[in-house]
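Dear colleague,

I am passing on the structure we spoke about, so that you can look through it yourself. My notes on what was found in it follow below.

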Amino acid sequence: MTKKNAISLCDLEKDQNALIVAIIAGHKSAKRLADLGLTPNTPIKILRKTIFCGPMEVQVRGMNLVLGKGVAAKVLVKKS
Amino acid sequence: MITPKINIALAGSANVGKSVVFNHLTGLHQHIGNWPGKTVEKAEGTLHYKGYTIDVLDLPGIRSLSTYSLEELITREYLISNQSDFIINVIDSTKLETNLIFTLQLLELEKPFVLALNMADLLKKNGITLDSKKLAAILGVPVTLVSAIYGKGLAESLDQGISSLHKKTKPRILKYGKEVEERIEQLEQVLQNIPLIYPTRFAAIKLLEKDEEIEKHLKTAHPEILEKAKILNLELEKIHGHSSSVVIADERCLLAAHVAKQVMTITKPQKISFNERLDHLTGHKILGYPVMLAVLSVMFITVFKGGAYASSLLEQLLPIMQTTFYGIFGNTLTTTLIFSSISSIFALISLAIPYIAPFYFLLFILEDLGYLARVAYLMDNLMHKVGIHGKACLPLILGFGCNVPACLSCRIMETQRERFLTGLLTVFVPCSAVTVVVAGLTGRFLGLKFAFGLYLLVFLIIFIIGKIAARIVPGEPTELIMEMPSYKLPNIKTIALHTWFKLKEFIYIAGPVVIISGIIIEGANSVGLLTPISNFLSPITSAWLGLPPATGILLILGILRKELILVMLASILGTENFAAVLTNAQILVLSLVSMLYIPCSATIAALYKEFGWKKALLITVLKISLAIIVGGLVFRAFNFLQ
């Protein structure tokens, strides 16, 4: 999968589904997210967002996670 | 007779009911302290079971055995140190797949453990069937079904663990994909004869994950292994197109999914749950906020109204005690000092029981319910403006009750930087004692409008300090990454135990300091030192802040307990009608200074405990200087506008 057509997780709307393409972050953040199950090719769903694209709640591998704005921006996804 | 002793450790992520298991096993026989030299909580307890004395250690709730956080590092080092005879890995059985990711890492550590599938009572409701026997066969460890809130399955978990002690069976090794396994094997070969505290395979895997701890171990003695690992990592990165540490994590996820698929069937499609429906409201991007305000207001009003009533009942006891005490022992310097420590203890109790205990209790209910995580979610944006993330809400909310537990709760933040920033802001939050002073001075004589104005001013100051501190304090800001727990019915027993232990911690930390500083101040008062000190301070108190010189005494007493400022003001001025002796500006400035200046002695002790004396001193000096600067400015501004 290429990173070309990928968008940031922040650009998704509530209830949209997507596939993680890559995580563009430093070693530590990327590892932390990967440990939680956010790895490339994993389906992700936006459950809800706060206003001003603040933190969002997502569902990954059956788990509900809250991601802050800064982290969410680093997760590249492809709409599915 | 000496009973055989067993050490066990509970390991698992947060929100899996690990503390419920712990409380069920140990009840009141527990001890909560810190890991030596670390600000990470360590909970230990004892139980007697079938002729064994079992020491239980509740490890921090973590999701992975990397070294991202202090908690992860501590857990890993503890598990590897062989101090526990077996581990009970508690997981949420309704979220088997994601929970297994941690379990797989435990397998890699090659320590004996029992896998306790908690929340088994919820499986049926969620339409999930689990084959625990098959899971046990796949993993090679005993697997038990547990419902910790009903105490079910815990005895079986202990039995399984105890019987595994004699069998000496090792957990099974689960294999990853071919290209990863090949590289693990190559690393295992070079690691074979090197003394390591970790199992060879674990070390090999961690090298592929670019684990800093293992790299540090090998750096000086075996740089060639690190070179080898680097080459292998690059190969993996070439094949997969992303970092080898992510490759391994991904492999683990795949393996967990594969295992889960074999043992789990979901029999009915999940319909929109009650949880989802509740979250439509509580997590709503607009409606969520009024709901949050309402929930927190109800909590605060309950605590303050109930607390005021209960402490007024308690306060009636003090004069009776005082007359009886002096009646029996006479009035000398020694008895005055002794009575000062009695009244310090009494004051502590009349703060702890009416305010702090109910506050903790209600807060833990909200936490157990899962609501505090929603608050963190909603507040994350705002918290980021002051350089911290949403989780910092909890200490800040606690601060309104009492700054001491608030400081201690900064431990929930992930890094030292976040902890310090949160602690710094927390001590500026007006606690219940300060609220009493502001209400009794500004609220009563100038009106609520001014009292609210003071609060707004303090919030503004907190905001500005946060902004500045986030820039000055070195280090990267941490982003909010948190699991959103499902709503669940709070477990009252766990909450009651939790409240009790927190209350004990509060008394232990605050008690000695409050008693000693009480004796010092009372002693200084008895030998007539307070007035000279107060006169010495008068260039600040009278000339700059515009207050009567006697307030110097008040501010010294206030170090002990903030509400003393109000109590002693009445006795110094000889009237409760402060408006007759103080100008409006003086009332306002005295309230403001009480809100801002020095943290009380117990809070300083808590700051010292959490952050060391340098930072405690820094915060104290900062608060005093701010109180002087802002107080003086407000005094002039108020007089100018009048």
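A nonpolar core is taken here as a set of buried Ala, Val, Leu, Ile, Met, Phe, Trp, Tyr and Cys residues joined through C-beta atoms within 7 Å, where buried means that 20 or more other C-beta atoms, placed from the backbone, lie within 10 Å of the residue's own. This is a predicted model, in which local features need pLDDT of at least 70 and side-chain atom pairs count only at pLDDT 80 or more, while totals for chains, interfaces and linings use all residues. Residues are numbered from 1 along each chain as its sequence is written, and chains are lettered from A in the order in which they are written.

The largest nonpolar core has 194 residues, and those with the most contacts inside it are Val404(B) and Val589(B). Not counting residues up to four places away in sequence, Val404(B) touches several residues, among them Phe506(B), Ile509(B) and Ala602(B), a contact being two C-beta atoms, placed from the backbone, within 7 Å.

Between the chains, 30 residues of chain A are in contact with 30 residues of chain B, and α1(A) gives the most to the side of chain A that touches chain B, with seven residues (helices are DSSP runs of H or I with at least four residues, strands runs of E with at least two, numbered from the N terminus).

Three bridges join β5(A) to β10(B), residues 481–483, and the two strands run antiparallel; strands pair if DSSP finds at least two bridges between them. Within this pairing, Leu67(A) has Ile481(B) as its bridge partner, and Leu65(A) stands opposite Glu483(B).

Best wishes

How values were computed: A residue is buried if 20 or more other C-beta atoms lie within 10 Å of its own, exposed if 12 or fewer, and partly exposed in between; C-beta atoms are placed from the backbone.
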